[in-house]
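Visitor: I'd like to learn how to read a metal site and a pocket in a model. Could you walk me through one?

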Amino acid sequence: MCIFCQIVKGEIPSYKVYEDDKVLAFLDIKPVNPGHVLVITKEHYPNIEETPIAELNAVISAVKTIGRLLKDKLAIAGYNVTENNDPVAGQEIPHLHFHVIPRQAGDGNKPWLQAEYGPGEAEAVLKKLQD
Ligand code: AMP
Ligand code: ZN
């Protein structure tokens, strides 16, 4: 059984922040910033495509609740919502979870390296997506 399933079952302790019938939210043990919350489905699904839409709706609704809570109670200026989908994207725990990461101005966390498309590259990608 995966570690998040064990947390859902109460076999491993967690700092629980929010719970409903489909969703559990708890503090990430290794936060990017204090108040970093993981929002998970209570059922085990490995990634977004495997997760039924009703469960995804419940998760994103809980993400909104957590975001409001963090802003109200921790006086944060904003937050990032991320979901590492599959190992190549940095997913370490194969149980769907969204990260809600508190941000403050000047905290130094830049999530993504970006680059311009080369000539014709955007058009080629778009063609593949549309074919
Ligand atoms: P990911 O790389 O998207 O799979 O993220 C997994 C996250 O789970 C990491 O940020 C870990 O710090 C966090 N994590 C791992 N074990 C636990 C645990 N027992 N309780 C809370 N967070 C955990
Ligand atoms: Zn699991």
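Guide: Start with the sequence: the donor residues of the zinc ion (ligand 2) are spaced C-x2-C-x38-H-x50-H. Donors here are N, O and S atoms within 2.8 Å of the metal (3.2 Å for Na, K and Ca), and water is not among the atoms, so sites may look incomplete. Bear in mind that this is a predicted model, where local features need pLDDT of at least 70, side-chain atom pairs count only at pLDDT 80 or more, and totals for chains, interfaces and linings use all residues. Residues are numbered from 1 along each chain as its sequence is written, chains are lettered from A and ligands numbered from 1 in the order in which they are written, and side-chain values use heavy atoms, with hydrogens and water left out.

Visitor: Which atoms coordinate the zinc ion (ligand 2)?

Guide: Cys2 (SG), Cys5 (SG), His44 (ND1) and His95 (ND1), at 2.1 to 2.3 Å. Of these, Cys5 in helix α1 and His44 in the loop between β3 (37-41) and α2 (53-74) link distant parts of the chain, 39 residues apart. Helices (H or I, at least four residues) and strands (E, at least two) are DSSP runs, numbered from the N terminus.

Visitor: Why is the arrangement around the zinc ion called tetrahedral?

Guide: Ideal angles for four tetrahedral donors are 109.5 degrees. Four donors count as tetrahedral if all angles lie between 85 and 135 degrees. Around the zinc ion (ligand 2) the four donor atoms subtend 102 to 122°, so the arrangement is tetrahedral.

Visitor: What is the volume of the largest pocket?

Guide: On a 1 Å grid over the protein atoms alone, a pocket is an open set of points where a 1.4 Å probe fits, with protein on both sides within 12 Å along at least five of seven lines; lining residues have an atom within 4 Å of a point. The largest pocket here has a volume of about 780 Å³, a volume being the space filled by probe spheres set on the points. Of its 31 lining residues, the closest to the centre are Asp28, Lys30, His36, Leu38 and His99.

Visitor: Which element gives the largest share of that lining?

Guide: That's β5, with four residues.

Note on methods:
Tetrahedral: all angles 85-135°; square planar, octahedral: opposite > 155°, others 65-115°.
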